[in-house]
Amino acid sequence: MFLFLNMGHRMLVLLLLLLSRNGMCQEEVCSKSVVNSCTDCIRSGPYCAWCQQLNFTKAGEQESVRCDTQVKLMERGCKKEEIISPVNDFTIIKEDPLSESFNNQEPVQMSPQKINLKLRPGLPKTFRISFRRVEGYPVDLYYLMDLSNSMKDDLENVKGLGKDLFAALKEITEHAQIGFGAFVDKTVLPYTNTNKEKLQRPCDESDLYCQAAFGYRHVLSMTAREDEFKRKVSEQFISGNLDSPEGSLDAMMQAAVCGDKIGWRNSSTRLIVLTTDAGFHMAGDGKLAGILEPNDQQCHVENNLYTKSNEMDYPSVGQLATELEKNNIQPIFAVTKNVEDVYKELSKMIPKSEVGVLSSDSKNVVQLIRTAYDSLSSKVTVTHDSLPDNVRVVYTPICTHAGPVGDRNGVCDKVHVGQIISFDITVTADSCMEDKSFIIRPLGIKDKLTVTLSTNCECQCNDPNDKTHQLCTNRGSIVCGICSCQEGFIGQNCECDIGKRDQHSLRASCQRNNGTECEGRGDCVCGRCQCHSTNQGSRYHGEFCECDDEHCENYQNKLCGGNGKCNCGKCECYPGYEGSACQCKSSTDGCQTADNTVCNGRGRCICNRCECKEGYQRPQCLLCLGCPDPCQTKLNCIECLGFGSGLCMDCKNITHRLVDNFAISGKECQQKDSEGCWIKFKLNQLVGEDRYEAEILKERDCPEPPSVIPIIAGSIAGVAVIGILLLMLIKLLIHMKDLKEFRKFENEKKKSKWAEADNPLFQNATTTVANPTFTGE
């Protein structure tokens with residue numbers, strides 16, 4: 001008996017879980033805001049319905065009560081056939097049956113192929129698609145090989161792999177083709193030695209066979225001939241470059257976008273097998289060589305060579321992933337152990353890709369390709385392209401090895417050939433739209449489902465054909481149960497004749513501060529608000545229906561503490577109570593001061609506590625920390641009252657007396673008056689705000705005025721002394737400069753050396769003496 005009850009409990013829990021998953025336990029709620037028509041109603045929420053029944057609303061009731069859930073409308077008396085609630089519509093346009101095997105015709109692996117959805121905003125719609133792997137589906141394999149110098153041994157082994165490679169593909173399908181391409185890197189520095197001889201022969205001198213440096217070369221288009229593959233591959237030789245990373249992303253991009261040159265078939269599983277022992281360059285690396293132009297994701301293969309290799313940057317991983325997905329190509333990275341982790345990280349960013357570890361000489365490449373193909377083909381991933389705005393999609397896989405429910409894709413793993421699997425797809429449109437479309441398809445496969453999406457945002461009401469209706473005072477027609485008045489008439493029943501006034505001005509008179517008409521709580525009838533009833537049965541009131549008597553402050557979970565009544569959002573307390581929620585008994589005991597005043601006349605006693613005026617401090621509003629200094633603010637009044645000078649303005653709140661000595665306590669002030677004299681006085685603040693008692697000393701301290709003549713004489717003497725000192729200073733500087741120059745001259749004179757030599761042009765003077773009186777005798 002216990003076992004039976006336990007099993008029954010488990011079944012009940014399982015049933016509740018299933019109901020919850022299918023949305024059957026969700027409570028239908030209509031969260032309406034401003035609703036003036038049926039269209040406004042159904043756009044307010046997926047579970048909002050509109051009652052078009054005549055006379056459904058009562059007098060003074062707003063038309064928005066017609067908008068609610070179907071259950072609540074029927075509880076209010078609306079007939080089921082009078083309820084407007086649009087539902088989702090699902091139409092299959094094309095649904096070809098799934099193919100079992102490939103027979104040289106276009107196989108169908110996913111069904112349906114085209115549907116139309118007409119959804120109500122916010123209301124989800126779930127439909128199912130089916131998928132079956134076709135037996136013998138064609139395979140196109142493009143072998144993309146790194147021909148840098150480090151792959152020399154691998155190339156020799158690949159030249160002999162043609163037979164084994166074709167044999168492995170024949171085990172998968174009779175319709176297999178293989179192509180071949182090679183890559184190294186961009187032929188510019190710093191990737192490749194740009195010496196002319198090195199560009200022609202970038203390999204080691206010991207290598208007998210070496211081909212010129214290149215970026216990417218397409219060698220062989222897709223072919224089913226084993227001998228042609230072997231011949232083309234045998235003609236290939238290694239090349240070389242400088243750095244370790246290679247231009248593999250450049251090569252994969254061209255192989256993906258140059259479909260007509262590669263020879264991809266329309267109906268085939270497309271594989272790119274990338275074999276390398278090095279990492280890869282990606283977008284941004286081209287800047288090292290001064291290449292700034294981004295990759296344009298276009299085909300630039302001419303004469304089997306990538307012609308824009310040295311002009312365009314490497315593609316980004318995102319660009320490559322987009323083009324591979326767009327062209328239904330699944331990459332297999334056959335790499336050596338040293339770069340396995342690098343390509344595993346790359347594989348995470350490229351959907352439907354696999355990584356296999358290549359032996360040092362590439363002998364295991366055939367088995368690696370077979371293993372990777374089995375992994376890729378047995379994993380079915382359904383996803384979508386870009387969705388229209390405000391559209392959500394959720395995938396629920398239905399298969400033995402199902403992945404989690406998700407909004408990006410749905411995954412079924414370990415799917416066998418011929419096995420039928422399904423996906424439940426839930427589409428939700430959150431806003432109104434017309435004829436939008438998106439594609440749902442399995443990754444790596446050509447099949448697709450085109451979803452054309454529209455929304456049902458308009459009401460289809462069964463309105464009477466009469467242009468005028470008795471309910472509308474024969475001044476309007478019925479639209480979805482409410483009156484649409486003729487020009488010149490307004491009101492719930494078109495009862496208001498606006499005459500020469502326009503409807504806009506009448507409605508404006510029902511708006512407070514250009515806000516919502518009657519605050520959304522009433523109807524504007526002939527320019528005046530007729531307020532509605534509240535949910536509790538009372539009525540809104542006020543000129544603009546802005547008041548209600550239900551939303552006042554609560555105390556102890558009672559409106560106005562149970563000690564007052566609510567009026568327009570504020571509590572009006574009964575005698576003996578006070579406070580914002582009437583929570584306190586009226587008392588001033590805690591507010592009394594020593595001189596029997598309440599809060600010193602500078603505040604109100606509320607709930608037995610002083611609520612002081614701005615600046616004054618509790619508990620008894622005695623001090624004002626934020627107020628201006630009274631010694632400054634009352635100076636003019638003190639001067640005026642005590643000495644009859646200065647300005648007498650607003651001095652009536654000051655009582656004063658002249659004294660020889662201070663007798664009161666208070667703040668002592670010393671300030672300079674308008675005549676330059678120092679006044680000493682004391683201020684004592686009285687009860688109330690800005691009321692003072694002042695004592696003023698009779699004698700002012702007035703300093704004698706300065707003597708003008710000594711000041712002028714001293715100024716002149718000072719200027720003269722300063723002038724003389726300046727002249728002496730200038731003279732001293734000139735003397736010091738001359739002395740310095742003289743000493744410099746003396747030093748240079750001492751250092752000069754004069755050579756002692758005869759001037760060849762100089763002749764000594766000769767003297768001849770003759771006595772004029774001597775005759776020689």
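## Helix α11

In this predicted model, helix α11 spans residues 340-349, and its buried residues are Glu340, Tyr343, Leu346 and Ser347. These four lie on the same side of α11 because they cover an arc of only 120 degrees around the axis, the arc being that of the directions from the helix axis to the C-beta atoms. An α-helix has 3.6 residues a turn, so residues three or four places apart point the same way. Asp341, Lys348 and Met349, on the other side of α11, are exposed. Buried stands for under 20% relative accessible area and exposed for over 50%, with partly exposed in between (1.4 Å probe, protein chains only). Helices (H or I, at least four residues) and strands (E, at least two) are DSSP runs, numbered from the N terminus.

The cover over the buried residues of α11 includes α8 (248-257), α10 (317-326) and the strands β11 (269-276), β14 (329-335) and β15 (354-357). Contact here means heavy atoms within 4.5 Å.

## Basis of the model

The model is predicted: local features need pLDDT of at least 70, side-chain atom pairs count only at pLDDT 80 or more, and totals for chains, interfaces and linings use all residues. Residues are numbered from 1 along each chain as its sequence is written, and side-chain values use heavy atoms, with hydrogens and water left out.

## Strand β6

Strand β6 (residues 114-119) has a covered face made of Ile115, Leu117 and Leu119, while Lys114, Asn116 and Lys118 form the uncovered one. In a regular strand the side chains alternate between the two faces of the sheet.

β6 pairs with strand β4 (residues 89-94) in the antiparallel sense over five bridges, and Thr91 has Asn116 of β6 as its bridge partner. With strand β21 (residues 449-455), β6 runs parallel and is joined by six bridges; there, Leu119 stands opposite Thr455 of β21. Two strands count as paired if DSSP finds at least two bridges between them.

## Cavities

Three cavities of 30 Å³ or more are found in the structure. On a 1 Å grid over the protein atoms alone, a cavity is a set of points where a 1.4 Å probe fits but cannot get out; lining residues have an atom within 4 Å of a point. Grid points are joined across faces, edges and corners, and a volume is the space filled by probe spheres set on the points.

The largest cavity has about 70 Å³ of volume. Its lining includes Ala321, Leu324, Glu325, Arg441 and Gly444, and α10 gives the most, three residues. That lining has six nonpolar, two polar and three charged residues. Nonpolar covers Ala, Val, Leu, Ile, Met, Phe, Trp, Tyr, Cys and Pro; charged covers Asp, Glu, Lys and Arg; the others, Gly among them, are polar. The second largest cavity holds about 50 Å³. The largest share of its lining, four residues, comes from α5, and seven lining residues are nonpolar, none polar and one charged.

## The largest pocket

The largest pocket has a volume of about 1,400 Å³. Of its 45 lining residues, Gln62, Glu63, Ser64, Asp523 and His532 are the closest to its centre. A pocket is an open set of points with protein on both sides within 12 Å along at least five of seven lines.

β23 gives the most to the lining of the largest pocket, with four residues. By class, this lining divides into 15 nonpolar, 18 polar and twelve charged residues.
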